[in-house]
Amino acid sequence: MSKKAPTPAAPVPTRGALALLALGLVTSGLAVYQWLELLTVRAGGSTACSISETVNCATVWNSDFASAVHDTLGIPIAGLGLVWGLAAVGLSALYLAWAKAGRDVRPATNGLRLLALAGVVSIIVFAAVSAQLGVVCPTCMGTYALVLVFTGVAWRGLPGPLMPQAGEWGDTLKWTVGISAVAFVAMQMPGRATPHAPKAGAFLPPVASTQAPNTSGSNSPMPPPPPAPPATLGEFIASLDPQQRQFLSDALAVYRAATPKLAAYPPRALYGPADAPVKVLEWTDSKCPHCKMLVEELAAIKQHAPQGMLSVEARQFPLDGQCNPAIPNRGPDALSVRCAAARATVCLEGAKDFWTLRERLFAAQAFLDTDKVMEIASSGSVARPQLEACMTAPETIGKLRQDVEYAMRFNIQGTPLVLVNGREVPPFAPLIYALVLASGNPDAPAFSALPPPRSRGTGSPGHEGHAHP
């Protein structure tokens, strides 16, 4: 009696793995594009996805969270997306190769599903950060969509149980972690070569400690050391990297070419002497990320500027039609956070802690709502009942309208708007500090060490990515 021939094993389905391979390639390509756009941002240019204040990839890429990721892992968030995409490609290719060879595809199947799960967790984390910032990153949304489609295919389009079974974890982790680790290591060199997000005051020398260590053995405090002498203009220029020197040259050219205008109104809140050789006048919006950076940079410059060389005047340009007639869209009836912050800041102008409270408002920008505005603004010398009464007073509304009207004289295109000695300039803090060190002289001999300025529109610092009215 002849033996019955064994039934051939059913072929392993490959359609799902092919789809995952394609999705991994597309995700990797999008990550490469985001990384190139990040390099454009770091070089001072603008990106296609920096459309407005609330639709702006650069804001997310420059966030504290993104900086912490880059500092900790050595690669930017776009690099993590590329690591994920390459791991997806590697595991999908492994599945297809094993299926063709008739080998068990379970380690690759399990790895693809675990990778999809990691992608979903990443989406939750990154989306929460964007929501906290109040900003939408269009290219990030594209990555989220690709990861979610990948997850659906991985969990429904591949054969076998959804989770690794007993005895499968070893091979699953070996291949999944191994391929991901190779991709991660490969990204280290370009990741470490990618410039990190700018930090406020990074171009300035560190502030000397005001308390020297006590090495005398006694319990009496040592007298504080004398303040470090300010850098000379030549030393400051020499300390800048080539890109910053080019930006400084470009911004200085804009300053020289601008026609100074006389002040339309006397300042209501002024830091420093009115006759300072460098007078900064700025308009900001409480939720504008670039305004936050400017306020932080000016706070750092104040610590280094020689006595009497700098004055700063702060005015408001809230990007909300509810309290700004220059903005066409009208807000809801309830007082918006932008309008509340602008009115509260106006009401604090006469307070001794005005500049401190203003800096606190911007420091809390990511979490700022109307309750937080009131909490911070009333945490100093102005009591909350007094603040609330002031914010609804006609005088306060009139001052805010004066700020808007004043800004419109300069055809304001975005926030922050910055004038130095009556001339509109890019909000580039090294320019302000350099002019402080030059006693306001834009033709100081030390500036000859700068490269020739580029024409506008070739990457010079400006209002790229700022919110527009």
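Entry 1. I started at Trp 169, which sits in helix α7, residues 169-186. A reminder to myself: this is a predicted model.

Entry 2. I stepped back to the whole chain. I noted 17 helices and five strands. Of the 469 residues, 48% are buried. The chain exposes about 22,400 Å², with carbon and sulfur atoms supplying 63% of that area. I also looked at contacts with a separation of 6 or more: residues 24 or more positions apart account for 79% of them.

Entry 3. On to the sheet. In what order do the five strands lie? I read β1-β3-β2-β4-β5, an open sheet with mixed pairing. The edge strands are β1 (270-271) and β5 (423-425), each of which pairs on one side only. As background, strands of a sheet pair through backbone hydrogen bonds, either parallel or antiparallel.

Entry 4. I went through some of the pairings.
- β1 and β3 (residues 310-316) run antiparallel and are joined by two bridges. Tyr 271 stands opposite Val 312 in β3.
- β2 and β4 are antiparallel too, over four bridges. Here I found Trp 283 with Leu 417 of β4 as its bridge partner.
- β4 and β5 pair in the antiparallel sense over three bridges. Val 420 stands opposite Arg 423 in β5.

Entry 5. I looked at the turn of the β4 and β5 hairpin. Two residues lie between the strands, and Asn 421 takes a positive phi near 55 degrees.

Entry 6. Which way do the side chains of β4 point? Leu 417 and Leu 419 point one way, Val 418 and Val 420 the other, and all of them are buried.

Entry 7. Helix α16 (residues 394-408) lies across β2 (278-284), β3 and β4 (417-420). I wrote down its angle to β3 as about 110 degrees.

Key
Residues numbered from 1 in each chain as written. Predicted model: local features only at pLDDT ≥ 70, side-chain atom pairs only at ≥ 80, totals over all residues. Heavy atoms only, no water. Pairing = 2+ DSSP bridges. Contact = heavy atoms within 4.5 Å. Axes fitted to C-alpha atoms, helices over the stretch in contact; angles between N-to-C directions. Buried < 20%, exposed > 50% of the residue type's maximum accessible area, 1.4 Å probe, protein only. Areas by Shrake-Rupley, 256 points an atom, 1.4 Å probe, with all protein chains shown as cover.
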